[in-house]
Amino acid sequence: MNTGQDVQLDDLDARLIELLAQEPRIGVLECSRRLGVARGTVQARLDKLIGRGVIAGLGPEISPAAIGFGVTSFVTLEISQRHGHDPVTAHLAAIPEVLEAHTITGSSDLLCRIVARSNTDLQRVIDQIVSSEGITRASTIIALAEQIPYRTLPLVRSAARG
């Protein structure tokens with residue numbers, strides 16, 4: 001996986017990524033037909049993009065709301081410096097409703113995106129999160145509506161333009 005190296009994308013890379021994002025079930029042969037390049041070229045580009053960590057996964061994108069988790073929330077956590085990040089991270093990883101966690105700068109130490117079935121269920125999830133003795137404080141913000149979903153295609157297009 002790429003860890004900060006300057007990875008260059010060209011127009012073909014960007015078009016391939018966009019096609020795969022729009023139609024995740026498309027095959028390499030159909031990609032080559034639509035992009036107007038050889039099948040081997042598409043396969044080589046795909047292998048290169050995966051190998052460099054540009055494409056991090058090809059699995060289905062799941063909507064938490066569609067499976068009953070309609071409440072999204074962001075939680076900042078302050079952790080005990082005595083315990084460190086690792087035990088807290090292991091604790092959070094064991095909670096299915098914690099979708100992601102990032103070490104951050106500022107007054108808090110971690111930022112988590114979590115989901116719950118309802119506001120009442122959100123309290124259960126937060127209680128489970130703060131049950132770790134390594135967490136000293138939590139602050140929660142409930143998302144009311146998603147204005148811009150997680151996206152990377154505009155970034156890919158910009159990177160391909162240089």
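User: Which residue in E4 is the bridge partner of valine 75?
Analyst: That's threonine 140. Keep in mind that this is a predicted model.

User: What makes E1 and E4 a strand pair?
Analyst: Pairing takes at least two bridges between two strands. Eight bridges join strand E1, residues 71-79, to E4, so the pair meets that cut-off. The two run antiparallel.

User: In what order do the strands of the open sheet come?
Analyst: Four strands line up as E2-E3-E1-E4, with antiparallel pairing.

User: Why are E2 and E4 called edge strands?
Analyst: Strand E2 (98-103) and strand E4 (135-143) each pair on one side only. From one strand to the next, the twist averages 20°.

User: Which strands does helix H4 touch as it packs on the sheet?
Analyst: Helix H4, residues 85-93, touches E1, E2, E3 (110-116) and E4. Its direction makes about 10° with that of E3. Helix H5, residues 119-129, packs on the sheet too and touches E1, E2, E3 and E4, but its direction makes about 140° with that of E3.

User: Which residues does the "domain: HTH asnC-type" annotation cover?
Analyst: The unreviewed UniProt entry puts it at residues 9-70. In the model that span is 53% helix and 0% strand, and its end C-alpha atoms lie 36 Å apart.

Note on methods:
Residues are numbered from 1 along each chain as its sequence is written. This is a predicted model: local features need pLDDT of at least 70, side-chain atom pairs count only at pLDDT 80 or more; totals for chains, interfaces and linings use all residues. Side-chain values use heavy atoms; hydrogens and water are left out. UniProt positions are given in the numbering used here, feature names are shortened, and annotations may be inferred rather than shown by experiment. Axes are lines fitted to C-alpha atoms, for helices over the stretch in contact, and angles run from 0 to 180 degrees between N-to-C directions. Contact means heavy atoms within 4.5 Å.
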